Amino acid sequence: MDYSHSDPELVRQPVGYWAWAAYKAVVTRTRAALAELGTTQPQWWVLAQVARAGAPKTRAEVSGLLRNYLDTGPETMEAEIDATITAGWVVEAPDDRLSLTPEGRTFFEKAAALQDHLRAERHAGISDEEYLTTMKVLQRVIHNTGGRAHHH
């Protein structure tokens, strides 16, 4: 790969810009691919939380966990949960617990396979060691600037 600058120049590049550019590239690609399946990224998050839960989670638990992802917000997450219910992928029990329908399980598996493909695409030519170093460096930058970030 050809890099934008020489190594001595890259060391002086602003991490905020490059983190933002990476964010934009990854989120744009992910959202476009999910749109081709007929879903949104927040709907994928809902499906993943419901599908991978050891015990059924309530709507409030799912919404509370996901509302801060990419600054989505509580109103948007509630609407996205409603959209998964309207699509027939998720049902909400009288106790507010969410579970996948059979159609939802099938759709989740299709979307999960796509997410695996996208992850492989993003990681092409990047070793696990390099990726781990990148994650640790970004988390240190966040810490050093007084920021907070946590992803489940």
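How are helices H2 and H3 oriented to each other? In this predicted model, H2 (residues 15-37) and H3 (residues 41-51) pack at an angle of about 75°, with their axes 9 Å apart. Because angles of 65 to 115 degrees count as roughly perpendicular, H2 and H3 are roughly perpendicular to each other.

**Contact of H2 with H3**
- From H2, the residues Val27, Thr30, Arg31 and Leu34 meet Gln41, Trp44 and Trp45 in H3.
- Sorted by class, this contact of H2 with H3 has 4 nonpolar, 2 polar and 1 charged residues.

**Helix H5 and its surroundings**
- Helix H5 (residues 74-86) has 13 residues, which at 1.5 Å a residue should span 18 Å, and this agrees with its end C-alpha atoms being 18 Å apart.
- The buried residues of H5 are Met77, Glu80, Ile81 and Thr84, and, seen down the axis of H5, they fall within an arc of 100°, so they line one face of the helix.
- An α-helix has 3.6 residues a turn, so residues three or four places apart point the same way.
- The buried residues of H5 are covered by elements including H3, helix H4 (59-66), strand E1 (90-92) and strand E2 (98-100), whereas Glu75 and Thr86, on the other side of H5, are exposed.
- Just after H5, Gly88 takes a positive phi of about 85°.

**Thr106 in helix H6**
- Thr106 has its place in helix H6 (residues 102-122), and Thr106 counts as exposed because its relative accessibility is 53%.
- Between Thr106 and Met77 there is a separation of 29 residues in sequence and of 22 Å in space, C-alpha to C-alpha.

Notes
Residues numbered from 1 in each chain as written. Predicted model: local features only at pLDDT ≥ 70, side-chain atom pairs only at ≥ 80, totals over all residues. Heavy atoms only, no water. Axes fitted to C-alpha atoms, helices over the stretch in contact; angles between N-to-C directions. Helix = DSSP H or I, 4+ residues; strand = E, 2+ residues; numbered from the N terminus. Parallel < 35°, antiparallel > 145°, perpendicular 65-115°, else oblique. Contact = heavy atoms within 4.5 Å. Nonpolar A, V, L, I, M, F, W, Y, C, P; charged D, E, K, R; others polar. Buried < 20%, exposed > 50% of the residue type's maximum accessible area, 1.4 Å probe, protein only. Expected span 1.5 Å × (residues − 1). Arc of directions from axis to C-beta.
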